[in-house]
Amino acid sequence: MTEKLLQYLWNYKVFKHFDFKDIEGNSVEIIHFGKWNKNAGPDFLDAKIKINNLLLAGNIELHIRSSDWIFHHHSQDPNYQNIILHVVFQHDIEIHELTEKQVPTLELHNYIDENIVWKYEKLAEKEEFIACENLFDTEKIPVNFHEENILKKLDEKSSELEQNLIRYKNNFEAVLFHSFAYSFGLKVNAHIFRQIAESVDYSIINKIRQNPLQLEALLFGMSGWLDAPKDEPMKIWKREFEFTKAKLSISDLTFHPKFLRLRPPNFPTIRLSQLADLYKHQNLFSKIMEAENADQLYNIFSSIKASEYWDSHFNFGSISKVQPKALSKDFIDLLILNTVLPLKYTYHRYHNEEIADEIIELYQSVSAEKNTIITSWKKLGLEITSALESQSLIYHHKTNCETKNCLGCAIGFKLLKE
């Protein structure tokens with residue numbers, strides 16, 4: 001038994017029966033179990049109980065053992081002065097302070113089904129893909145499970161983006177550029193690309209964006225790649241970078257993107273060139289915000305490719321087979337899911353405009369991701385046909401399954417109750 005499980009059982013009223021009696025043998029009627037408080041202070045707030053024909057209103061504190069009241073130093077804490085009931089799994093000692101205040105103690109040991117405790121302990125110790133792998137049933141997925149997960153994820157991402165907006169004085173276009181840079185960097189170079197983007201005032205990006213050569217040169221130069229040109233195009237980029245750097249007073253900071261363990265199409269040289277090409281678009285932010293369906297979003301990205309030099313290169317000075325480096329469908333999906341939709345949601349939330357239904361439809365219009373997590377979910381019998389399901393399940397696995405948060409999982413709740 002853990003305190004977290006005990007709180008869970010109390011919150012969801014999962015007991016064999018409700019004929020509660022305190023340790024003195026007095027009947028305790030729980031009129032309102034209280035609101036689960038996951039912050040500092042008593043575990044359940046604004047509760048109501050009836051004992052000895054006396055109605056009491058206040059807070060309830062739960063512990064595994066009565067003695068935890070002492071070990072947690074509640075006696076000295078003013079937050080615990082309005083306790084009307086002390087609920088414990090096992091009563092081991094008398095708490096004189098509570099006895100003097102006539103605060104009853106309710107021992108739950110005999111009211112809890114041992115099978116539930118056993119199930120929870122088994123789930124918590126499992127090492128499979130998900131703890132409930134052997135119990136999992138697709139029929140246990142609640143209605144609107146995926147929609148609720150997506151909106152939770154978007155709310156979390158939106159809070160992060162709103163902090164960036166404060167930092168950049170509500171400049172949505174600057175935050176969009178930083179977000180795109182992060183996505184173009186993928187896992188290996190995401191943070192480095194964002195550092196590059198954030199180290200230059202967006203007003204500079206806005207000035208040179210109409211000239212992809214200049215923007216490309218700026219990104220390459222800040223990556224420390226132009227110090228020793230290997231061919232004529234590199235000399236041109238170096239000249240453009242030095243001119244832009246001197247004219248616009250750009251700092252001497254350099255960053256060093258990584259090539260290790262990346263497939264050539266994902267080399268930072270290719271991705272930065274593609275990012276520069278994306279920003280030749282005029283009114284890019286407006287186009288993204290005005291897009292009403294997935295096709296309109298795909299049209300924005302469909303023509304984006306690395307500059308001509310990269311048709312025959314993956315790295316500087318090394319010639320390869322000629323192949324234009326356009327954005328793949330999978331990569332465009334990644335940009336839409338990781339950058340476009342979260343910022344679109346944040347923009348409308350910022351302006352108090354309802355867009356949840358439209359965002360959900362956009363997620364349904366994008367193909368499901370292909371990765372080990374999605375493959376593992378499919379092995380459990382789930383049909384995953386769109387990014388709505390795949391993004392939901394990736395988020396759910398990260399926030400619940402990896403952390404063994406079975407008590408906070410809607411599926412786990414159904415399984416534990418059976």
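1. Let me start with helix H15 (residues 356-365), whose buried residues are Ala356, Ile359, Ile360, Leu362 and Tyr363. Here buried means under 20% relative accessible area, exposed over 50%, and partly exposed in between, with a 1.4 Å probe and protein chains only. The arc is taken from the directions that run from the helix axis to the C-beta atoms. On the other side of H15, Asp357 and Glu361 are exposed. As background, an α-helix has 3.6 residues a turn, so residues three or four places apart point the same way.

2. A quick word on the basis of these notes. This is a predicted model, in which local features need pLDDT of at least 70 and side-chain atom pairs count only at pLDDT 80 or more, while totals for chains, interfaces and linings use all residues. Residues are numbered from 1 along each chain as its sequence is written, and side-chain values use heavy atoms, with hydrogens and water left out. Helices (H or I, at least four residues) and strands (E, at least two) are DSSP runs, numbered from the N terminus.

3. What do the buried residues of H15 pack against? Their partners are H5, helix H13 (294-301), H14 and H17. Contact means heavy atoms within 4.5 Å.

4. One of these partners, H14, packs with H15 at an angle of about 165°, with the axes 10 Å apart. That makes H14 roughly antiparallel to H15. Axes are lines fitted to C-alpha atoms, for helices over the stretch in contact, and angles run from 0 to 180 degrees between N-to-C directions. Angles under 35 degrees count as roughly parallel, over 145 as roughly antiparallel, 65 to 115 as roughly perpendicular and the rest as oblique. The crossing of H14 and H15 is right-handed; the term applies if the near helix is turned clockwise from the far one by less than a right angle, and left-handed if anticlockwise. Leu337, Leu341, Lys344 and Tyr345 of H14 make the contact with Glu358, Ile359, Leu362 and Tyr363 of H15. By class, the contact of H14 with H15 has six nonpolar, no polar and two charged residues. Ala, Val, Leu, Ile, Met, Phe, Trp, Tyr, Cys and Pro count as nonpolar, Asp, Glu, Lys and Arg as charged, and the others, Gly among them, as polar.

5. Staying with H14 (residues 329-350), have a look at His348, which lies in this helix. His348 counts as buried because its relative accessibility is 15%. Leaving aside neighbours within four places in sequence, His348 is in contact with Met289, Glu353 and Ile355.

6. The next pair is H5 (residues 145-167) and H17 (residues 387-401), which pack at an angle of about 65° with their axes 8 Å apart. H5 and H17 are therefore roughly perpendicular to each other. H5 passes H17 in a left-handed crossing. On the H5 side, Phe145, His146, Glu147, Asn149, Ile150, Lys152, Lys153 and Glu156 meet Leu388, Glu389, Gln391, Ser392, Leu393, Tyr395 and His396 in H17. By class, the contact of H5 with H17 has five nonpolar, five polar and five charged residues.

7. Helix H18 (residues 410-417) has Ile411, Gly412, Leu415 and Leu416 as its buried residues. They cover an arc of only 125° around the axis, which puts them on the same side of H18.

8. Now to the region around H10. Leu226, in the loop between helix H9 (212-222) and H10, is buried, with a relative accessible area of 2%. Leu226 and Phe241 are 15 residues apart in sequence and 8.6 Å apart in space, C-alpha to C-alpha. Beyond its neighbours within four places in sequence, Leu226 is in contact with Ala217, Phe220, Gly221, Met234, Trp237, Lys238 and Phe241. Within H10 (residues 232-247) sits Thr244, which counts as buried at 2% relative accessibility. With neighbours within four places in sequence left aside, Thr244 is in contact with Ile208, Gln214, Ser249 and Ile250.

9. Finally, two backbone angles to look at. Most residues other than glycine have a negative phi. Asn170, in the loop between H5 and helix H6 (172-184), has a positive phi near 60°, and Asn170 is partly exposed at 40% relative accessible area. Arg261, in the loop between H10 and helix H11 (268-278), has a positive phi near 65°. Is Arg261 buried or exposed? At 78% relative accessibility, Arg261 counts as exposed.
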